[in-house]
Amino acid sequence: MTDSEQTLPASTPDLEAALRVAVENGLPATLADLGRLVRIPSVSWAAFDSTHVAASAQAVADLALGTGVFDSVEIKQAQIPGTQELGQPAVLATRAARNGRPTVLLYAHHDVQPPGSDDEWESPAFEPTVRGDRLYGRGAADDKAGVMVHIASIRALVEAAGPDFELGLALFIEGEEEFGSRSFATFLEENREALRADAIVVADSGNWDTTTPALTIGLRGNVTFRLGIRTLDHASHSGMFGGAVPDAMLAAVRLLASLHNDDGSVAVAGLTGSLAGTPDYSEEQLRAETGLLDGVSPIGRGSILSRIWSQPAITVTGIDAPSVANASNTLSPSVSVRISARIAPGQAADDAFSAIEEHLRQNAPFGARIEIDDVDTGEPFLVDTSGWAVAEARRAMQDAWGREPVDIGVGGSIPFIADLVRVFPEAQILVTGVEDPDSRAHSPNESLHLGVFKRALLSEALLLSRLNERTGH
Ligand SMILES: [Zn+2]
């Protein structure tokens, strides 16, 4: 860390030097607290014992209380829409801003994925274990390390700037992110005032590698639906009428083929994307990570990461048709298809759905009847990188890691981020994280790189310290 100290702004060198010392000296206690959280098997899925999630909420609330900086620390639940059920407990702690300083909302989640099969773990899933430079255990990275980055950066700020700092804080540690954040939207609505912030730090993503920090600036959205294709009123013998009337499978295959160009890129007019610059990622790496067979080519246009981060994709994920075992010489009257599309950041999910629907209706071969239902959409997310919070976050990462952060996208979706954007449109959202490419979140042998953890923690401590001095947001 010492090699980057010369990059600190001259105005607050003592404070930031003190912050670095506080992070370093606090590290053993921070890791011990992280270990205690990992020992609680807080799997939020319905089939698992929810008393563990309650216990981890209590443990996080105790950590928040222990910082001594919050006006209020509560464990709260909200109703899951369309049910009488409450969601899993979240921790909400708030501290009012003073003297016109900004308020920062710090988000992470204390629930975890199920451990999966015991024999695939090299050490027990809920027994925090250090091997080499990594801490192994379910939740060690995703996302109990995110929880501890928030707690420990607040502790460091208290140590360096004193407990009377002026920055406003809202700490929101969710308890059901791994089970679909079902009560998240209700929780936001019910706690809108307490959660209101100028900037939101979502510590639940990853870094480019163990020595290069990243800010996640784009997430693809998604659209899924059922497509029904009908050509005949009833099944007929294929020998009797085949060649004279189209069966539904013929229509379906031709229609589905129209969704892509010959190079495999999406051929739907009105679906947008961008070829924005991306870090290098080779075809060899893509082949290795996906198990692409020898002789089979990748699909799409532009750099490989732009295909995953900033362009749309359409996949057929299921087809209901007669099975091979039950195949008879029959013209199928109807076929049902599940379509899953990824939407590029910058396009509204509803607009993307309309473009796909229009394409399917326009291209239905032989005048086949098209039905579309069971539609589900999730909004993509794109950060406006011109905001002051993004600039501060990048500068903090640069100073903590000694290396410029890269902007990354994520091909998948984090649906709750769309809820945050919708409820708090004025807030700037910073998606940071403690993971690296070897973290294996959700898999056996999940782990946290201890160097990444320390640098992520110092980044956030520097960010909070600088926002604590900021006026005119
Ligand atoms: Zn997570």
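A: Helix 3 and helix 13 are oblique to each other, a word used for angles that are not under 35 degrees (roughly parallel), over 145 (roughly antiparallel) or 65 to 115 (roughly perpendicular). The axes of helix 3 (residues 144–161) and helix 13 (residues 450–467) cross at roughly 50° and come within 8 Å. Here axes are lines fitted to C-alpha atoms, for helices over the stretch in contact, and angles run from 0 to 180 degrees between N-to-C directions. Helices (H or I, at least four residues) and strands (E, at least two) are DSSP runs, numbered from the N terminus.

The model is predicted: local features need pLDDT of at least 70, side-chain atom pairs count only at pLDDT 80 or more, and totals for chains, interfaces and linings use all residues. Residues are numbered from 1 along each chain as its sequence is written, and side-chain values use heavy atoms, with hydrogens and water left out.

The crossing of helix 3 and helix 13 is right-handed; that term applies if the near helix is turned clockwise from the far one by less than a right angle, and left-handed applies if anticlockwise. On the helix 3 side, the residues in contact (heavy atoms within 4.5 Å) are Ala145, Met148, Val149, His150, Ala152, Ser153, Ile154, Ala156 and Leu157. They meet Phe453, Ala456, Leu457, Glu460, Ala461, Leu464 and Ser465 of helix 13. By class, this contact has twelve nonpolar, three polar and one charged residues. Ala, Val, Leu, Ile, Met, Phe, Trp, Tyr, Cys and Pro count as nonpolar, Asp, Glu, Lys and Arg as charged, and the others, Gly among them, as polar.

Helix 3 also packs with helix 2 (residues 51–67), at an angle of about 10° and with the axes 10 Å apart. Helix 2 is therefore roughly parallel to helix 3, and their crossing is left-handed. Val60, Leu63, Ala64 and Thr67 of helix 2 make this contact with Val147, Met148, Ile151, Ile154, Arg155 and Val158 of helix 3. These residues divide into eight nonpolar, one polar and one charged. In the loop between strand 5 (134–136) and helix 3 lies Asp143, and the peptide bond from Asp142 to Asp143 is cis, with omega near 5°.

Helix 13 has a further partner in helix 11 (residues 388–401): the two axes come within 8 Å and cross at roughly 135°. Helix 11 is therefore oblique to helix 13, and the crossing is right-handed. The contact includes Trp388, Arg395 and Trp401 of helix 11, and Val452, Arg455 and Leu467 of helix 13. By class, it has twelve nonpolar, one polar and five charged residues.

Pro380, Gly411 and Ser413 supply 53% of the area that domain 1 buries against domain 2, more than any other three residues.

Methods: Buried area = accessible area lost by both parts, 1.4 Å probe.
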